[in-house]
Amino acid sequence: MTIVRTFHECKALLARHAPGLPLGRARMIEGVGQFNHVLCLDERWILRFPKSPAAAVDLAGFLRALHAISPGELSLPPAPESPREEWTRVYGAIRTQLFPFMRRDAQAAASRSFADALKNDGLWRGEPCVVHGDIGAGNILFRQGRISGIIDWGFCGLGDPAQDMGALLASYGEAFAARVCRHFPALGKGLARARFYRRQYALLQALFALRDGDQAEFAGGIAAYR
């Protein structure tokens, strides 16, 4: 089973995770890439999308090793707030800063989603560990069908392991995440929480873009809620 099968799926992934790329002049390069689909953008960018489900095994091994690192080995400070406290704060920011840009039904749906999650004690059970923090498709490098590197460690620190699972869900979907969990069962314990995180990523994009004054990113994040 392939992870990414069509030209349109490749473009959709890029639009979601790298909207600044010139997607208007994109074409699939046929007949090359035994292990990857190869996409050319604007005759300047070459991107590869893995065909092989073996990537799930590689990522499971990587995350298992990363999450097993003792925070003491890296001299990491304790997390300033629990995931539940963090998302309570995020919800407050969404209400005050984003609700004015959102439709009433979108406001109501977001309120229900956060209310249901934040009152659910079982959803927030879990221990912090060392996480990558942004392990989406744009930060995973492949070579000959296998993962060759993980980049962009700016968000690495002591955090919620479901944060890494949420990024994988957003990038590759439920089927791929299930394969990762088969090889790293402990990661699946936070799957419900990861799904909640994934559902909020567009709002987070809009929230951060509003803070940074990035109109293009803000428009992309808030589009479905207007």
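Ser75 lies in the loop between α2 and α3 (83-98), with helices (H or I, at least four residues) and strands (E, at least two) taken as DSSP runs numbered from the N terminus. The model is predicted: local features need pLDDT of at least 70, side-chain atom pairs count only at pLDDT 80 or more, and totals for chains, interfaces and linings use all residues. Residues are numbered from 1 along each chain as its sequence is written, and side-chain values use heavy atoms, with hydrogens and water left out.

Most residues other than glycine have a negative phi. Ser75, in contrast, has a positive phi, near 55°. Ser75 is exposed, with a relative accessible area of 63%; exposed denotes over 50%, buried under 20%, and partly exposed the range in between (1.4 Å probe, protein chains only). A positive phi, near 55°, is also found at Asp42, a residue of the loop between β2 (36-41) and β3 (45-50). Asp42 counts as buried, at 17% relative accessibility.

Asp58 belongs to helix α2 (residues 54-68) and is buried, its relative accessible area being 16%. When residues up to four places away in sequence are not counted, Asp58 touches Arg146 and Ile147, contact meaning heavy atoms within 4.5 Å. A polar atom of the Asp58 side chain lies 3.2 Å from the backbone nitrogen of Ile147.

Helix α5 (residues 161-183) contains Ser171. Ser171 is buried, with a relative accessible area of 4%. Apart from neighbours within four places in sequence, Ser171 is in contact with Leu13, Arg16, His17, Gly136 and Ala137.

Methods. Polar contact = N/O pair within 3.5 Å; in protein donor to acceptor, adjacent residues only side chain to side chain.
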